[in-house]
Amino acid sequence: MAFAGVLITLLGFIVAVLSVAMTSSIAGRMVVVLIGIAICLIGIIGVLNRAFLKNANWRR
Amino acid sequence: MKKTILLITVALSARLAMAQAPAAPPAAPVPITDADLKSVAAPSNDDRLKGDPGGAITGTVADIAVADSKKGLTVADALNQVGQNKIAINFVWTLVTGFLVMFMQAGFAVVETGLCRAKNANHTMMMNFMVYGVGMLAYWLIGFAIQMGGVGGNGNLGGIQPLNTEWTINLFGKPFGLFGQHGLFLTQGGTYDVGAMVMFLFQMVFMDTALTIVTGSCAERWKYVAFVVASFFMGAFTYPLYANWAWGNGWLANLGANFGLGKGYCDFAGSGVVHAVGGLTALAGAMILGPRLGKYTRDGKPNAIIGHDIVIVLTGCFILAFGWFGFNPGSTLGASGNGNLRIGSIAVNTMLAGMTGGFGAMFYMWMRYGKPDASMSGNGLLAGLVAITAPSGFVNTVGACIIGLIAGVLVCLSVEFIDRVMKVDDPVGAISVHGTNGLWGVISVGLFADGKSNYGGSWNGVNGSVTGLFYGDASQFVAQLIGVATLIGFVFTFSFVIFWLIEIVVGHRVSARAELEGLDLPEMGQLGYPEFELKARPVGAGA
């Protein structure tokens with residue numbers, strides 16, 4: 001689960017970088033980069049952090 | 001009568017003709033010759049022997065270095081002196097501002113220690129103290145070469161031509177600079193150079209600022225040996241990589257030249273490079289370490305664990321605000337030439353954003369909780385300073401105030417989110433102050449840059465001034481967003497993997513017994529306050 005979170009976060013970065021090659025339109029690039037940032041945040045907050053919370057010391 | 005009319009007509013015609021005649025060309029400038037210079041009189045020895053209380057005869061033609069004493073003073077000597085004076089001004093400016101940034105380590109040390117419990121005072125101070133040396137060693141060995149080894153020179157500091165080898169790959173038909181290759185040990189590749197030394201000092205203290213952010217989020221439960229290893233890797237690789245991409249002629253800086261995105265990624269003094277890198281690494285560390293014992297109840301509700309000395313916390317905030325006058329204005333890397341007189345504007349932006357950040361946090365806490373919380377007001381000041389760091393060189397004072405005000409509120413919201421929703425334990429609020437507001441600072445360049453700055457007519461190799469979305473350039477905003485995605489997507493991931501490897505090899509967390517006892521004795525062998533009897537206050541009490 002944590003490993004998946006790391007991969008998703010990295011994927012978001014790659015999507016953002018690919019934006020410069022996908023289109024030359026500024027609006028188009030902005031949308032793709034924002035999608036990339038959203039993927040990054042999902043990776044960190046939604047997947048990675050949740051994986052750590054499952055085994056958090058305060059649950060024991 | 002006729003004669004009079006005739007005379008008037010002639011006079012008017014003559015006057016009109018004179019007015020229409022082309023103006024005489026201005027006299028051609030007369031070149032100064034060596035002979036002219038010899039006619040400039042130096043103060044006599046007799047005059048000098050009387051002393052110079054008014055300062056009128058100190059610093060004259062007599063003080064210009066002469067290359068050939070037989071020839072005497074020449075035009076070449078005078079011009080060389082002018083050039084050296086410009087570089088000397090820039091050297092002194094950059095060094096002195098670097099010294100101010102170095103002193104920020106003291107500010108971070110007391111802020112973090114004050115926000116931690118007395119039983120961990122020695123441990124927290126020692127981390128903040130030794131991160132300076134550990135980071136410096138790593139940066140001297142390899143970090144500086146990775147970051148600046150391919151920057152391609154700097155006109156303000158006399159060229160620094162040896163820093164000219166960037167390792168690049170070709171992507172989408174364009175070169176993507178990834179890391180520099182000159183400057184190992186500050187000798188390799190011709191970097192035993194006066195300009196390179198100034199550049200190293202200034203960049204080193206910036207790197208150390210990023211490293212010390214992590215000690216805050218991981219405080220009160222971090223093994224000292226794990227801290228040393230993590231700090232070394234961050235100073236050697238994590239920080240220099242992103243700094244190269246943004247400041248060292250890397251691919252982010254060239255987004256403008258290669259893909260038409262504004263002036264490329266712009267981060268004047270390091271909201272992203274220093275603070276977001278530090279804040280996101282702090283997040284990775286705090287997630288892997290887990291919360292302190294007692295921070296959360298069994299049903300996940302957070303307990304407040306208050307620090308032991310609010311006096312030194314706010315004193316530390318003042319020290320940091322003072323040091324920030326080195327951080328931002330110093331990032332011009334000079335005070336003479338190339339639009340560097342903007343240092344006054346940068347300094348004023350810095351102080352204004354810090355002020356509005358403090359106000360934003362104070363009023364938010366006052367309205368939400370009924371009291372103007374001292375530690376959050378301090379964090380608000382720091383958040384404003386962090387946020388203005390990237391845009392300080394590109395925005396006006398109104399923009400600076402808005403950026404700071406938003407940062408002050410944002411830091412409070414972020415602390416609540418990280419504490420209550422993510423349940424990541426950050427004893428000093430480092431993730432919110434530096435991570436969240438570092439990202440906000442990067443974004444704010446793309447919004448508020450007013451297009452009035454002019455640092456030699458171009459930025460990142462693209463002609464014109466940095467201009468944000470609110471002033472008509474949406475493409476600059478996109479470049480900034482790509483920087484944000486790189487910080488969250490790459491820097492966080494890279495830091496997380498390094499912390500994970502250290503967890504496997506060394507282990508990050510101290511034993512539960514050591515944590516409950518306080519880390520001063522088990523980790524450092526000495527109490528921070530040996531003459532005081534420390535009584536444990538129940539977690540959550542007094543908050």
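This report walks through a predicted model with chains A and B, starting with chain B as a whole and ending with a couple of individual residues.

## Chain B at a glance

Let's begin with the overall build. Chain B has 17 helices and 4 strands. Its C-alpha trace covers about 115 × 65 × 60 Å along the principal axes. Out of 543 residues in chain B, 54% count as buried.

## The biggest core

The largest nonpolar core holds 164 residues. Three of them have the most contacts inside this core: B:Val277, B:Ile482 and B:Ala485. Helix H15 of chain B, running over residues 474–505, gives the core its largest share, with 16 residues.

Leaving out residues up to four places away in sequence, B:Ala485 touches a set of residues in chain A: A:Gly12, A:Phe13, A:Ala16, A:Val33, A:Gly36, A:Ile37 and A:Cys40.

## Where the two chains meet

That brings us to the contact between the chains. On one side there are 26 residues of chain A, and on the other 28 residues of chain B. Two helices of chain A, H1 (2–22) and H2 (26–54), each provide at least two residues of the side that touches chain B. H2(A) makes the largest share of that side, 14 residues.

What classes of residue make up the side of chain A that touches chain B? There are 20 nonpolar residues, 5 polar ones and 1 charged one.

## Two antiparallel helix pairs

Now for how some helices of chain B pack. H4 (residues 75–115) and H10 (residues 310–327) of chain B meet at an angle of about 160 degrees, and their axes are 7 Å apart. Angles over 145 degrees count as roughly antiparallel, so that is how H4(B) and H10(B) run relative to each other. The crossing of H4(B) past H10(B) is left-handed. The contact of H4(B) with H10(B) includes 17 nonpolar and 9 polar residues, with no charged ones.

H14 of chain B (residues 430–448) packs with H15(B) at an angle of about 165 degrees, with the axes 7 Å apart. H14(B) and H15(B) are therefore roughly antiparallel too. Here the crossing is right-handed. From H14(B), the contact uses B:Leu439, B:Val442, B:Ile443, B:Val445, B:Gly446 and B:Leu447. Among the residues that H15(B) brings are B:Phe477, B:Ala479, B:Leu481, B:Val484 and B:Leu487. By class, the contact of H14(B) with H15(B) has 10 nonpolar residues, 4 polar and no charged.

Which way do H5 and H7 of chain B lie to each other? H5 (residues 121–148) and H7 (residues 224–247) pack at an angle of about 40 degrees, with axes 8 Å apart. This makes H5(B) oblique to H7(B). H5(B) passes H7(B) in a right-handed crossing.

Residues on the H5(B) side include B:Met127, B:Val131, B:Val134, B:Ala138 and B:Gly143. Among those they meet in H7(B) are B:Phe227, B:Val228, B:Phe232, B:Gly235 and B:Tyr239. The residues in the contact of H5(B) with H7(B) split into 17 nonpolar, 7 polar and no charged.

## Two residues up close

B:Gly143 sits in helix H5 of chain B. Is B:Gly143 buried or exposed? A residue is buried if 20 or more other C-beta atoms lie within 10 Å of its own; B:Gly143 has 30, so B:Gly143 is buried. Beyond its neighbours within four places in sequence, B:Gly143 is in contact with B:Ala138, B:Met207, B:Gly235, B:Ala236, B:Tyr239 and B:Pro240. B:Ser414 is 271 residues apart from B:Gly143 along the chain, and their C-alpha atoms are separated by 31 Å.

B:Leu289 belongs to helix H9 of chain B, which covers residues 271–289. B:Leu289 is buried, because 25 other C-beta atoms lie within 10 Å. Setting aside neighbours within four places in sequence, its contacts are B:Cys218, B:Arg221, B:Trp222, B:His508 and B:Arg509. The C-alpha atoms of B:Leu289 and B:Gly272 are separated by 24 Å, with the two residues 17 apart along the chain.

Conventions: Residues are numbered from 1 along each chain as its sequence is written. Chains are lettered from A and ligands numbered from 1 in the order in which they are written. This is a predicted model: local features need pLDDT of at least 70, side-chain atom pairs count only at pLDDT 80 or more; totals for chains, interfaces and linings use all residues. A nonpolar core is a set of buried Ala, Val, Leu, Ile, Met, Phe, Trp, Tyr and Cys residues joined through C-beta atoms within 7 Å. A residue is buried if 20 or more other C-beta atoms lie within 10 Å of its own, exposed if 12 or fewer, and partly exposed in between; C-beta atoms are placed from the backbone. Two residues are in contact if their C-beta atoms, placed from the backbone, lie within 7 Å. Ala, Val, Leu, Ile, Met, Phe, Trp, Tyr, Cys and Pro count as nonpolar, Asp, Glu, Lys and Arg as charged, and the others, Gly among them, as polar. Axes are lines fitted to C-alpha atoms, for helices over the stretch in contact, and angles run from 0 to 180 degrees between N-to-C directions. Angles under 35 degrees count as roughly parallel, over 145 as roughly antiparallel, 65 to 115 as roughly perpendicular and the rest as oblique. A crossing is left-handed if the near helix is turned anticlockwise from the far one by less than a right angle, and right-handed if clockwise.
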